[in-house]
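Welcome, and thanks for taking a look at this structure with us. Please have the sequence and the 3D view open as you read.

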Amino acid sequence: MSVGWDTAVAGWEGFAPLAGDVTADACVVGLGASGLAAIEAFLDRGLSVVGVDAGRVAAGAAGRNGGFLLGGPSLALHRAVDRWGPAAAGLYRDTLEELDRLYALLGPSVIRRVGSIRLAGLPGDPADEAEAADREAETADCAAQAASMREHGIAVEEYDGPLGVGLYLPDDAAMNPAVRATRLATLVGRRAALHEHTPVTSVRSGSVATERGVVKARFVVVAVDGRLEKLVPALRTHVRTARLQMMSSAPIPSHRLPCPVYARWGYDYAQQLPDGRLYVGGGRDRFVDEEWTHDAEPTESVQRHIENVARRMAGGSVRAEHWWAASVGCTPDDRPLCARVEEDMVAIGGYNGTGNLVGPVAARSAVAWLLDGKSPPAWANALDPVAC
Ligand SMILES: Cc1cc2nc3c(=O)[nH]c(=O)nc-3n(C[C@H](O)[C@H](O)[C@H](O)COP(=O)(O)OP(=O)(O)OC[C@H]3O[C@@H](n4cnc5c(N)ncnc54)[C@H](O)[C@@H]3O)c2cc1C
(Lines give C-alpha, C1' and ligand atoms only; values in the text may rest on other atoms or scores of the structure.)
Protein backbone atom coordinates (compact mmCIF):
# COMPACT_ATOMS: atom_id res chain seq x y z
CA MET A 1 0.00 0.00 0.00
CA SER A 2 1.29 3.50 -0.80
CA VAL A 3 -0.63 6.72 -0.29
CA GLY A 4 -0.78 9.01 -3.33
CA TRP A 5 -0.85 12.18 -1.22
CA ASP A 6 2.39 11.35 0.59
CA THR A 7 4.74 12.22 -2.26
CA ALA A 8 3.99 15.89 -1.48
CA VAL A 9 5.14 15.49 2.16
CA ALA A 10 8.11 13.18 1.54
CA GLY A 11 10.48 15.66 3.22
CA TRP A 12 8.44 15.82 6.45
CA GLU A 13 10.90 15.84 9.35
CA GLY A 14 8.29 15.39 12.04
CA PHE A 15 8.34 15.56 15.83
CA ALA A 16 10.37 13.45 18.24
CA PRO A 17 8.59 10.73 20.24
CA LEU A 18 7.78 11.48 23.87
CA ALA A 19 10.82 10.81 26.07
CA GLY A 20 9.54 10.19 29.59
CA ASP A 21 6.80 11.65 31.79
CA VAL A 22 5.58 15.23 31.26
CA THR A 23 2.94 17.57 32.67
CA ALA A 24 0.75 20.10 30.86
CA ASP A 25 -2.64 21.78 31.22
CA ALA A 26 -4.11 19.70 28.39
CA CYS A 27 -3.29 16.55 26.43
CA VAL A 28 -4.69 15.75 22.98
CA VAL A 29 -4.53 12.20 21.62
CA GLY A 30 -4.42 12.04 17.82
CA LEU A 31 -2.61 14.46 15.52
CA GLY A 32 -5.12 14.38 12.67
CA ALA A 33 -6.94 17.55 11.63
CA SER A 34 -9.38 17.23 14.55
CA GLY A 35 -6.68 16.80 17.20
CA LEU A 36 -4.71 19.70 15.74
CA ALA A 37 -7.83 21.92 15.96
CA ALA A 38 -8.31 20.92 19.61
CA ILE A 39 -4.68 21.82 20.31
CA GLU A 40 -5.12 25.19 18.61
CA ALA A 41 -8.27 25.87 20.66
CA PHE A 42 -6.51 25.06 23.95
CA LEU A 43 -3.51 27.22 22.99
CA ASP A 44 -5.78 30.14 22.11
CA ARG A 45 -7.12 29.97 25.66
CA GLY A 46 -3.59 30.24 27.05
CA LEU A 47 -3.18 26.58 28.15
CA SER A 48 -0.02 24.52 27.76
CA VAL A 49 -0.63 21.46 25.54
CA VAL A 50 0.99 18.11 24.77
CA GLY A 51 -0.25 16.31 21.63
CA VAL A 52 0.63 12.69 20.84
CA ASP A 53 0.08 10.33 17.93
CA ALA A 54 0.81 6.64 17.47
CA GLY A 55 2.30 7.33 14.05
CA ARG A 56 3.11 10.34 11.91
CA VAL A 57 0.96 13.49 11.89
CA ALA A 58 -2.20 12.52 9.98
CA ALA A 59 -1.14 8.90 9.76
CA GLY A 60 -4.82 7.93 9.74
CA ALA A 61 -7.77 9.09 7.64
CA ALA A 62 -6.85 12.75 8.15
CA GLY A 63 -3.92 12.27 5.76
CA ARG A 64 -5.43 9.65 3.47
CA ASN A 65 -8.85 10.93 2.48
CA GLY A 66 -10.39 12.35 -0.68
CA GLY A 67 -9.33 15.90 0.15
CA PHE A 68 -12.88 17.23 -0.17
CA LEU A 69 -13.64 20.20 2.06
CA LEU A 70 -17.42 20.15 1.96
CA GLY A 71 -19.75 22.33 3.99
CA GLY A 72 -22.15 20.49 6.25
CA PRO A 73 -22.38 17.00 7.77
CA SER A 74 -22.21 13.62 6.04
CA LEU A 75 -25.92 13.85 5.18
CA ALA A 76 -27.22 16.28 2.54
CA LEU A 77 -28.71 19.33 4.25
CA HIS A 78 -32.40 18.48 3.71
CA ARG A 79 -31.92 15.03 5.22
CA ALA A 80 -29.89 16.34 8.14
CA VAL A 81 -32.54 19.00 8.91
CA ASP A 82 -35.26 16.31 8.80
CA ARG A 83 -33.34 14.24 11.36
CA TRP A 84 -31.74 16.79 13.66
CA GLY A 85 -33.77 19.96 13.14
CA PRO A 86 -32.30 23.46 12.65
CA ALA A 87 -29.03 22.46 14.38
CA ALA A 88 -28.05 20.81 11.08
CA ALA A 89 -27.97 24.21 9.37
CA GLY A 90 -25.92 25.50 12.31
CA LEU A 91 -23.34 22.75 11.71
CA TYR A 92 -23.29 23.68 8.01
CA ARG A 93 -22.45 27.29 8.88
CA ASP A 94 -19.82 26.18 11.43
CA THR A 95 -18.05 24.04 8.80
CA LEU A 96 -17.96 26.95 6.34
CA GLU A 97 -16.48 29.12 9.09
CA GLU A 98 -13.88 26.39 9.73
CA LEU A 99 -13.05 26.41 6.01
CA ASP A 100 -12.56 30.21 6.09
CA ARG A 101 -10.23 29.81 9.06
CA LEU A 102 -8.26 27.09 7.25
CA TYR A 103 -7.99 29.20 4.12
CA ALA A 104 -6.78 32.22 6.11
CA LEU A 105 -4.10 30.05 7.78
CA LEU A 106 -2.86 28.01 4.81
CA GLY A 107 -3.74 30.09 1.74
CA PRO A 108 -4.61 29.20 -1.86
CA SER A 109 -1.56 27.00 -2.47
CA VAL A 110 -3.02 24.43 -0.02
CA ILE A 111 -6.77 25.17 -0.01
CA ARG A 112 -8.21 25.42 -3.51
CA ARG A 113 -11.54 27.23 -3.25
CA VAL A 114 -13.01 25.75 -6.40
CA GLY A 115 -16.43 24.58 -5.12
CA SER A 116 -17.72 21.04 -5.53
CA ILE A 117 -20.18 19.21 -7.79
CA ARG A 118 -22.75 16.73 -6.59
CA LEU A 119 -23.67 14.68 -9.65
CA ALA A 120 -26.83 12.65 -10.05
CA GLY A 121 -25.14 9.40 -11.08
CA LEU A 122 -21.65 8.81 -12.46
CA PRO A 123 -20.61 10.59 -15.68
CA GLY A 124 -21.49 8.76 -18.89
CA ASP A 125 -24.51 6.75 -19.99
CA PRO A 126 -26.17 4.50 -17.40
CA ALA A 127 -24.98 0.89 -17.75
CA ASP A 128 -28.50 -0.54 -17.27
CA GLU A 129 -32.09 0.28 -16.31
CA ALA A 130 -31.35 0.14 -12.60
CA GLU A 131 -28.64 2.78 -12.96
CA ALA A 132 -30.95 4.97 -15.04
CA ALA A 133 -33.70 4.75 -12.40
CA ASP A 134 -31.22 5.53 -9.64
CA ARG A 135 -30.04 8.60 -11.54
CA GLU A 136 -33.61 9.84 -11.90
CA ALA A 137 -34.21 9.43 -8.16
CA GLU A 138 -30.96 11.23 -7.39
CA THR A 139 -31.87 14.12 -9.70
CA ALA A 140 -35.04 14.63 -7.63
CA ASP A 141 -32.97 14.45 -4.43
CA CYS A 142 -30.61 17.14 -5.76
CA ALA A 143 -33.64 19.42 -6.23
CA ALA A 144 -34.73 18.80 -2.63
CA GLN A 145 -31.21 19.54 -1.39
CA ALA A 146 -31.04 22.79 -3.40
CA ALA A 147 -34.40 23.95 -1.99
CA SER A 148 -33.25 23.32 1.58
CA MET A 149 -29.93 25.09 1.03
CA ARG A 150 -31.65 28.16 -0.41
CA GLU A 151 -34.09 28.16 2.49
CA HIS A 152 -31.12 28.34 4.87
CA GLY A 153 -29.23 30.96 2.88
CA ILE A 154 -26.44 28.62 1.68
CA ALA A 155 -25.12 29.08 -1.86
CA VAL A 156 -26.02 26.44 -4.46
CA GLU A 157 -26.43 26.37 -8.24
CA GLU A 158 -27.83 23.82 -10.68
CA TYR A 159 -25.10 21.99 -12.60
CA ASP A 160 -25.76 20.85 -16.19
CA GLY A 161 -22.48 20.27 -18.00
CA PRO A 162 -20.12 17.76 -19.59
CA LEU A 163 -20.15 15.50 -16.52
CA GLY A 164 -23.95 15.23 -16.26
CA VAL A 165 -26.52 17.01 -14.11
CA GLY A 166 -26.58 17.85 -10.43
CA LEU A 167 -25.57 20.72 -8.15
CA TYR A 168 -22.60 23.07 -7.95
CA LEU A 169 -21.73 24.18 -4.40
CA PRO A 170 -19.48 27.23 -4.76
CA ASP A 171 -18.40 27.48 -1.10
CA ASP A 172 -16.61 24.10 -1.03
CA ALA A 173 -12.91 23.47 -1.58
CA ALA A 174 -10.22 20.85 -2.27
CA MET A 175 -6.81 20.07 -0.79
CA ASN A 176 -4.09 17.48 -0.34
CA PRO A 177 -5.02 16.30 3.19
CA ALA A 178 -1.47 15.27 4.13
CA VAL A 179 -0.18 18.74 3.23
CA ARG A 180 -2.99 20.39 5.19
CA ALA A 181 -2.22 18.40 8.33
CA THR A 182 1.56 18.70 8.23
CA ARG A 183 1.36 22.47 7.62
CA LEU A 184 -1.08 22.88 10.53
CA ALA A 185 1.12 20.72 12.76
CA THR A 186 4.11 22.89 11.92
CA LEU A 187 2.13 25.98 12.97
CA VAL A 188 0.72 24.60 16.24
CA GLY A 189 4.01 22.77 16.95
CA ARG A 190 5.63 26.16 17.59
CA ARG A 191 3.39 26.63 20.62
CA ALA A 192 2.61 23.07 21.79
CA ALA A 193 4.74 19.99 22.50
CA LEU A 194 3.88 17.48 19.75
CA HIS A 195 5.13 13.90 19.73
CA GLU A 196 4.80 11.42 16.88
CA HIS A 197 5.37 7.63 17.15
CA THR A 198 4.00 7.68 20.69
CA PRO A 199 1.17 5.12 20.94
CA VAL A 200 -1.27 5.68 23.80
CA THR A 201 -1.95 2.55 25.81
CA SER A 202 -4.63 3.88 28.16
CA VAL A 203 -6.36 7.15 28.68
CA ARG A 204 -8.29 8.60 31.57
CA SER A 205 -9.06 11.94 33.08
CA GLY A 206 -5.81 13.57 34.23
CA SER A 207 -3.48 10.93 32.81
CA VAL A 208 -2.57 9.62 29.35
CA ALA A 209 -0.30 6.59 29.41
CA THR A 210 1.87 6.01 26.34
CA GLU A 211 4.54 3.46 25.47
CA ARG A 212 7.09 6.22 26.07
CA GLY A 213 5.91 7.94 29.23
CA VAL A 214 2.86 9.37 30.98
CA VAL A 215 1.32 12.75 30.18
CA LYS A 216 -0.29 14.27 33.26
CA ALA A 217 -2.84 16.86 32.22
CA ARG A 218 -6.03 18.21 33.78
CA PHE A 219 -7.89 18.23 30.43
CA VAL A 220 -7.82 15.39 27.91
CA VAL A 221 -9.30 15.28 24.40
CA VAL A 222 -9.21 12.01 22.47
CA ALA A 223 -9.47 12.97 18.77
CA VAL A 224 -9.40 9.61 17.03
CA ASP A 225 -12.06 8.99 14.38
CA GLY A 226 -11.42 5.45 13.09
CA ARG A 227 -10.87 2.80 15.81
CA LEU A 228 -12.03 5.15 18.57
CA GLU A 229 -13.86 2.28 20.25
CA LYS A 230 -10.55 0.45 20.60
CA LEU A 231 -8.96 3.24 22.60
CA VAL A 232 -12.14 4.09 24.52
CA PRO A 233 -14.05 0.79 24.85
CA ALA A 234 -16.91 2.51 26.72
CA LEU A 235 -17.94 3.97 23.33
CA ARG A 236 -18.21 0.66 21.47
CA THR A 237 -22.02 0.79 21.19
CA HIS A 238 -21.91 4.39 19.91
CA VAL A 239 -19.28 4.24 17.18
CA ARG A 240 -18.15 1.55 14.77
CA THR A 241 -15.08 1.42 12.56
CA ALA A 242 -15.28 1.07 8.78
CA ARG A 243 -12.58 0.97 6.13
CA LEU A 244 -12.69 3.37 3.17
CA GLN A 245 -10.46 2.98 0.14
CA MET A 246 -8.94 5.16 -2.57
CA MET A 247 -6.52 5.17 -5.49
CA SER A 248 -4.64 7.80 -7.46
CA SER A 249 -3.84 7.63 -11.15
CA ALA A 250 -1.17 8.78 -13.54
CA PRO A 251 -2.08 12.14 -15.15
CA ILE A 252 -4.92 11.93 -17.68
CA PRO A 253 -4.71 14.12 -20.80
CA SER A 254 -7.83 16.26 -20.23
CA HIS A 255 -8.74 18.55 -17.35
CA ARG A 256 -12.10 16.83 -16.85
CA LEU A 257 -12.90 17.67 -13.25
CA PRO A 258 -12.96 21.39 -12.46
CA CYS A 259 -13.45 20.70 -8.75
CA PRO A 260 -14.16 17.76 -6.39
CA VAL A 261 -16.99 15.67 -7.82
CA TYR A 262 -19.12 13.16 -5.93
CA ALA A 263 -21.77 11.00 -7.52
CA ARG A 264 -24.15 8.14 -6.79
CA TRP A 265 -25.45 9.65 -3.53
CA GLY A 266 -21.91 10.65 -2.58
CA TYR A 267 -20.65 7.07 -2.44
CA ASP A 268 -18.23 7.56 -5.37
CA TYR A 269 -15.97 10.59 -5.58
CA ALA A 270 -12.94 12.04 -7.34
CA GLN A 271 -10.83 15.14 -7.58
CA GLN A 272 -8.29 15.99 -10.25
CA LEU A 273 -5.12 17.83 -9.33
CA PRO A 274 -3.64 20.58 -11.50
CA ASP A 275 -1.00 18.02 -12.63
CA GLY A 276 -3.80 15.92 -14.18
CA ARG A 277 -3.77 13.08 -11.63
CA LEU A 278 -7.09 11.70 -10.40
CA TYR A 279 -7.67 10.84 -6.73
CA VAL A 280 -10.66 8.54 -6.59
CA GLY A 281 -12.58 6.64 -3.92
CA GLY A 282 -15.89 4.97 -3.32
CA GLY A 283 -17.93 1.81 -3.14
CA ARG A 284 -18.76 1.88 0.57
CA ASP A 285 -22.39 0.97 -0.22
CA ARG A 286 -21.37 -1.93 -2.48
CA PHE A 287 -19.12 -3.63 0.08
CA VAL A 288 -21.00 -3.00 3.30
CA ASP A 289 -20.10 -6.08 5.33
CA GLU A 290 -16.49 -6.57 4.33
CA GLU A 291 -15.66 -2.93 5.06
CA TRP A 292 -16.79 -3.13 8.71
CA THR A 293 -13.24 -3.84 9.80
CA HIS A 294 -10.34 -2.42 11.77
CA ASP A 295 -8.00 -3.55 9.01
CA ALA A 296 -6.72 -0.63 6.91
CA GLU A 297 -5.24 -2.42 3.89
CA PRO A 298 -6.83 -1.98 0.43
CA THR A 299 -8.60 -4.96 -1.16
CA GLU A 300 -8.81 -6.11 -4.75
CA SER A 301 -12.62 -6.14 -4.99
CA VAL A 302 -13.08 -2.56 -3.78
CA GLN A 303 -10.14 -1.32 -5.84
CA ARG A 304 -11.72 -2.83 -8.97
CA HIS A 305 -14.89 -0.85 -8.24
CA ILE A 306 -12.83 2.31 -7.72
CA GLU A 307 -10.96 1.82 -11.00
CA ASN A 308 -14.31 1.67 -12.75
CA VAL A 309 -15.35 4.92 -11.02
CA ALA A 310 -12.04 6.44 -12.16
CA ARG A 311 -12.73 5.46 -15.78
CA ARG A 312 -16.22 6.99 -15.64
CA MET A 313 -14.87 10.17 -14.05
CA ALA A 314 -12.02 10.35 -16.61
CA GLY A 315 -14.23 9.51 -19.57
CA GLY A 316 -11.57 7.00 -20.68
CA SER A 317 -8.82 4.74 -19.42
CA VAL A 318 -6.73 5.48 -16.33
CA ARG A 319 -3.55 3.95 -14.94
CA ALA A 320 -3.51 3.42 -11.16
CA GLU A 321 -0.30 4.56 -9.45
CA HIS A 322 -1.14 4.28 -5.74
CA TRP A 323 -3.88 2.59 -3.73
CA TRP A 324 -4.60 2.75 -0.04
CA ALA A 325 -7.22 2.59 2.72
CA ALA A 326 -7.87 4.08 6.16
CA SER A 327 -10.32 3.74 9.05
CA VAL A 328 -13.25 6.03 9.87
CA GLY A 329 -15.80 6.02 12.69
CA CYS A 330 -19.51 5.60 11.91
CA THR A 331 -22.45 6.35 14.22
CA PRO A 332 -25.94 4.82 14.18
CA ASP A 333 -27.74 8.16 13.68
CA ASP A 334 -25.04 9.83 11.51
CA ARG A 335 -24.36 12.49 14.14
CA PRO A 336 -20.74 13.04 15.19
CA LEU A 337 -19.92 11.78 18.64
CA CYS A 338 -18.80 14.14 21.40
CA ALA A 339 -18.58 12.10 24.59
CA ARG A 340 -17.60 13.32 28.04
CA VAL A 341 -16.23 9.95 29.01
CA GLU A 342 -14.95 11.17 32.38
CA GLU A 343 -14.73 14.44 34.25
CA ASP A 344 -12.37 16.68 32.21
CA MET A 345 -12.02 14.15 29.36
CA VAL A 346 -13.92 14.29 26.06
CA ALA A 347 -13.64 11.86 23.13
CA ILE A 348 -14.68 12.96 19.63
CA GLY A 349 -15.10 11.02 16.39
CA GLY A 350 -17.69 9.22 14.29
CA TYR A 351 -17.85 11.61 11.34
CA ASN A 352 -19.29 8.98 8.99
CA GLY A 353 -16.70 9.57 6.28
CA THR A 354 -16.93 13.38 6.24
CA GLY A 355 -14.66 14.66 8.97
CA ASN A 356 -12.32 17.12 7.26
CA LEU A 357 -14.29 20.10 8.56
CA VAL A 358 -16.79 18.46 10.92
CA GLY A 359 -13.91 16.96 12.96
CA PRO A 360 -12.28 20.33 13.74
CA VAL A 361 -15.72 21.82 14.52
CA ALA A 362 -16.35 18.94 16.95
CA ALA A 363 -12.89 19.50 18.44
CA ARG A 364 -13.59 23.17 19.16
CA SER A 365 -16.88 22.16 20.68
CA ALA A 366 -15.12 19.60 22.92
CA VAL A 367 -12.70 22.25 24.20
CA ALA A 368 -15.57 24.68 24.91
CA TRP A 369 -17.34 21.88 26.82
CA LEU A 370 -14.27 21.21 28.96
CA LEU A 371 -13.28 24.82 29.61
CA ASP A 372 -16.63 26.62 29.68
CA GLY A 373 -19.10 23.85 30.48
CA LYS A 374 -20.89 24.63 27.19
CA SER A 375 -22.63 21.46 25.95
CA PRO A 376 -22.24 20.68 22.22
CA PRO A 377 -25.17 21.65 19.94
CA ALA A 378 -27.85 19.16 18.89
CA TRP A 379 -25.95 18.14 15.71
CA ALA A 380 -23.64 16.13 17.98
CA ASN A 381 -24.45 13.02 19.95
CA ALA A 382 -23.24 14.63 23.18
CA LEU A 383 -22.94 11.73 25.59
CA ASP A 384 -22.42 12.83 29.14
CA PRO A 385 -22.15 9.84 31.45
CA VAL A 386 -20.43 12.15 33.94
CA ALA A 387 -23.60 14.18 34.36
CA CYS A 388 -25.84 11.09 34.80
C1 LIG B 1 -10.55 6.97 1.95
C2 LIG B 1 -11.20 8.06 2.74
C3 LIG B 1 -11.73 9.16 2.08
C4 LIG B 1 -12.34 10.19 2.82
N5 LIG B 1 -12.70 11.33 2.16
C6 LIG B 1 -13.10 12.40 2.87
C7 LIG B 1 -13.32 13.64 2.23
O8 LIG B 1 -13.05 13.79 1.03
N9 LIG B 1 -13.79 14.67 2.97
C10 LIG B 1 -14.02 14.55 4.31
O11 LIG B 1 -14.47 15.51 4.94
N12 LIG B 1 -13.77 13.39 4.95
C13 LIG B 1 -13.29 12.33 4.27
N14 LIG B 1 -12.99 11.18 4.92
C15 LIG B 1 -13.15 11.13 6.38
C16 LIG B 1 -12.03 11.92 7.05
O17 LIG B 1 -10.80 11.53 6.53
C18 LIG B 1 -12.02 11.66 8.56
O19 LIG B 1 -13.30 11.82 9.11
C20 LIG B 1 -11.09 12.64 9.24
O21 LIG B 1 -9.86 12.71 8.58
C22 LIG B 1 -10.89 12.26 10.68
O23 LIG B 1 -9.81 13.01 11.19
P24 LIG B 1 -9.44 12.91 12.72
O25 LIG B 1 -8.30 13.85 12.94
O26 LIG B 1 -10.66 13.11 13.53
O27 LIG B 1 -9.07 11.41 12.97
P28 LIG B 1 -8.02 10.43 12.32
O29 LIG B 1 -7.54 10.84 11.00
O30 LIG B 1 -8.62 9.10 12.46
O31 LIG B 1 -6.76 10.66 13.25
C32 LIG B 1 -6.60 10.01 14.40
C33 LIG B 1 -5.11 9.99 14.74
O34 LIG B 1 -5.05 9.33 15.97
C35 LIG B 1 -3.96 8.46 15.98
N36 LIG B 1 -4.21 7.37 16.93
C37 LIG B 1 -5.10 6.36 16.84
N38 LIG B 1 -4.99 5.53 17.89
C39 LIG B 1 -4.00 6.05 18.68
C40 LIG B 1 -3.39 5.64 19.90
N41 LIG B 1 -3.75 4.54 20.54
N42 LIG B 1 -2.39 6.41 20.38
C43 LIG B 1 -2.00 7.54 19.76
N44 LIG B 1 -2.54 7.96 18.60
C45 LIG B 1 -3.52 7.23 18.06
C46 LIG B 1 -3.85 7.96 14.54
O47 LIG B 1 -2.52 7.55 14.26
C48 LIG B 1 -4.29 9.18 13.75
O49 LIG B 1 -3.20 9.95 13.29
C50 LIG B 1 -12.42 10.11 4.23
C51 LIG B 1 -11.88 9.01 4.89
C52 LIG B 1 -11.25 8.01 4.16
C53 LIG B 1 -10.63 6.85 4.90
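Here is a short tour of selected helices, strands and single residues. Please keep in mind that this is a predicted model.

- Eight strands form an open sheet with mixed pairing, and their order is 5-6-4-13-14-15-12-16.
- Strand 5 (157-161) and strand 16 (320-330) are the edge strands, each pairing on one side only.
- From one strand to the next, the twist averages 25°.
- At one end of that order, strand 12 (residues 240-249) and strand 16 run antiparallel and are joined by 10 bridges.
- Helix 4 (residues 129-151) lies across strand 4 (116-119), strand 5, strand 6 (164-169) and strand 13 (261-263). Relative to strand 6, helix 4 runs at about 20°.

**Strand 17 and its two partners**

- Strand 17 (residues 337-342) has five buried residues out of six, so the rest of the structure largely encloses it.
- One partner is strand 18 (residues 345-349), which pairs with strand 17 in the antiparallel sense over five bridges. Here Cys338 stands opposite Ile348.
- Two residues lie between the strands in the hairpin of strand 17 and strand 18, where Asp344 takes a positive phi near 65°.
- Another partner is strand 19 (residues 381-383), with parallel pairing to strand 17 over three bridges. In this pairing, Ala339 stands opposite Leu383.

**Helix 3 against helix 8**

- How do helix 3 and helix 8 pack? Helix 3 (residues 87-106) meets helix 8 (residues 358-372) at an angle of about 100°, and their axes are 9 Å apart.
- The two helices, helix 3 and helix 8, are therefore roughly perpendicular to each other.
- On the helix 3 side, the contact is made by Leu91, Asp94, Thr95, Glu98 and Arg101. Helix 8 contributes Val358, Pro360, Val361 and Arg364.
- Sorted by class, the residues in the contact of helix 3 with helix 8 are four nonpolar, one polar and four charged.

**The buried side of helix 2**

- In helix 2 (residues 77-84), the buried residues are Leu77, His78, Ala80 and Trp84.
- These residues span an arc of only 165° around the axis, which puts them on the same side of helix 2.
- Helix 3 and helix 4 are among the elements that cover the buried residues of helix 2.

- His195 sits in strand 8 (residues 193-195). Is His195 buried or exposed? Its relative accessibility is 14%, so His195 counts as buried.
- Beyond its neighbours within four places in sequence, His195 is in contact with several residues, including Phe15, Ala16, Pro17 and Leu18. Val50, Gly51, Val52 and Asp53 are also among the contacts of His195.
- Arg277 belongs to the loop between strand 14 (268-272) and strand 15 (278-281). With 24% relative accessibility, Arg277 counts as partly exposed.
- Setting aside residues up to four places away in sequence, Arg277 touches Ser249, Ala250, Pro251, Gln271, Gln272 and Glu321.
- For a sense of scale, the C-alpha atoms of Arg277 and Ala104 are separated by 26 Å, and the two residues are 173 residues apart along the chain.

Technical notes
Residues numbered from 1 in each chain as written. Predicted model: local features only at pLDDT ≥ 70, side-chain atom pairs only at ≥ 80, totals over all residues. Heavy atoms only, no water. Axes fitted to C-alpha atoms, helices over the stretch in contact; angles between N-to-C directions. Helix = DSSP H or I, 4+ residues; strand = E, 2+ residues; numbered from the N terminus. Parallel < 35°, antiparallel > 145°, perpendicular 65-115°, else oblique. Contact = heavy atoms within 4.5 Å. Nonpolar A, V, L, I, M, F, W, Y, C, P; charged D, E, K, R; others polar. Buried < 20%, exposed > 50% of the residue type's maximum accessible area, 1.4 Å probe, protein only. Pairing = 2+ DSSP bridges. Arc of directions from axis to C-beta.
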